Amino acid sequence: MDARITEAVELLKQLIATPSRSRDEARTADLLHAFLAQRGAAPERLANNVWARAEGLDPARPTLLLNSHHDTVRPAASYTRDPYAPTVEDGKLYGLGSNDAGASVVCLLETFLTFRTRPLPFNLVLGISAEEECMGENGIRALLPALGKVDMALVGEPTGMQAATGERGLVVLDCTAHGRSGHAARGEGVNALYIALDDIARLRSFRFGRESELLGPIGIAVTQIEAGTQHNVVPDTCRFVVDVRTTDAYSNEETVGILRAALRSEAVPRSTRIRAAAVGGEHPLVKAAVAAGRETYVSPTTSDRTLMPFPALKMGPGQSSRSHTADEFVLLEEIAEGIAVYEKYIGKLAQEYGWKTLG
């Protein structure tokens, strides 16, 4: 096995064995910082984010950020293995965070170390962020200002090493229908549950006037509902939750405003910061992916790229379908493929910026 692949696998095993739930990633941040320092990469740290710059910074050149995250969700209750015991069986490395997104982390680290001292037509920055799974205040949002000017990013998430050129944003609406309580036997009151059901019916058939060319229609799903205290009392309130997957056809704030106008129920967004992200086919990030033999698609899941105010492409080893599942794993061959494709991609991106070879 190639030395870089062996090193990446061993580092991933260490990451798996070190619990790193969102907002509690200090130990894996220590591990990553030490790994980069031992290789002379002069890493820096902000909270539990770890980052480093390649040599030869030139302010006149664009800057490419290599980003992934080292936090994990809590292990699923249905795990049949110790989630923190890295185990290799039949070419699979099992463990919490192996697929999402430890494999991307170690492959991007190896890619950064390969190109850290080589001349490129763009500046190279590595940023391994914390709190991605909870979109926390001390994750990528804290890290980006520390990095200075960034023009574009390659975000490592499990995509089967295909190129996600867009992903929908997310707005969660907490909705409350207001009625008036009364005795059910006498038909008194105004049933808030019926008001909510009418609103839910509107949401099931609701269509926006504009549709994103890349991301398609905005997705709306009612996912929770709660009403009533006892069988013979007409409920005066009914609460329900709406999951809205937004696109670049409207801002999140515009989307909320349109839905509010369509409902009788009060609708309050938990947050509007998780925005849709899309990068056009003419951008060098996408052209390089196509040149590297990658298929492009729209991702159904969100990531730190939604918080980046610059073009970004999402691509990494592993499969999204394994994320947040019991007995999570990544194939060893996927790690090998990740390093090889990332290296090829950097070469193609350099060519897009006018370099015929990497020198």
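A charge is taken to sit over a ring if NZ of Lys or CZ of Arg is within 6 Å of the ring centre and within 35 degrees of the ring normal. The legends below describe a predicted model.

**Figure 1. Arg81 over the ring of Tyr94, and the aromatic partner of Tyr94.** Arg81 lies over the face of Tyr94, 3.6 Å from the ring centre. The structure holds four aromatic pairs. In one of them, Tyr94 and Phe329 are tilted, with 5.6 Å centre to centre and 55° between the planes. Tyr94 belongs to strand β5 (residues 92-94) and Phe329 to strand β18 (residues 329-331), so the pair ties together parts that are 235 residues apart in sequence. Tyr94 and Phe329 are both buried.

**Figure 2. The ring cluster of Phe206, Phe208 and Tyr250.** Ring pairs link these three residues, Phe206, Phe208 and Tyr250, into a cluster. The ring centres of Phe208 and Tyr250 are 5.6 Å apart and the planes are at 50°, so this pair is tilted. Phe208 is in the loop between α5 and β11, and Tyr250 is in the loop between β13 and α6; the pair links distant parts of the chain, 42 residues apart. Both Phe208 and Tyr250 are buried. Over the ring of Tyr250 sits the charged end of Arg210, 3.9 Å from the ring centre.

**Figure 3. The buried side of helix α6.** Asn252, Thr255, Val256 and Leu259 are buried in helix α6 (residues 252-262). These residues cover an arc of only 95° around the axis, which puts them on the same side of α6. An α-helix has 3.6 residues a turn, so residues three or four places apart point the same way. The buried residues of α6 pack against β9 (171-178), α5 (192-205), β11 (219-227), β13 (237-245) and β14 (266-269).

Figure 4. Eight bridges pair β9 with β13 in the antiparallel sense, and Val172 stands opposite Asp243 in β13. β9 and β14 also run antiparallel, joined by four bridges; Cys175 has Ala267 of β14 as its bridge partner.

**Figure 5. Nonpolar cores.** The largest nonpolar core has 54 residues, and Leu64 and Tyr345 have the most contacts inside it. Not counting residues up to four places away in sequence, Leu64 touches Phe122, Asn123, Leu124, Val125, Met152, Ala153, Leu154, Leu285, Ile346 and Leu349. A second, separate core of 21 residues includes Ile218, Val244, Val256 and Leu263.

How values were computed:
Residues numbered from 1 in each chain as written. Predicted model: local features only at pLDDT ≥ 70, side-chain atom pairs only at ≥ 80, totals over all residues. Heavy atoms only, no water. Core = buried A, V, L, I, M, F, W, Y, C linked by side-chain atoms within 4.5 Å. Buried < 20%, exposed > 50% of the residue type's maximum accessible area, 1.4 Å probe, protein only. Contact = heavy atoms within 4.5 Å. Helix = DSSP H or I, 4+ residues; strand = E, 2+ residues; numbered from the N terminus. Arc of directions from axis to C-beta. Pairing = 2+ DSSP bridges. Phe/Tyr/Trp six-rings, centres within 6.5 Å; stacked < 30°, edge-to-face > 60°.
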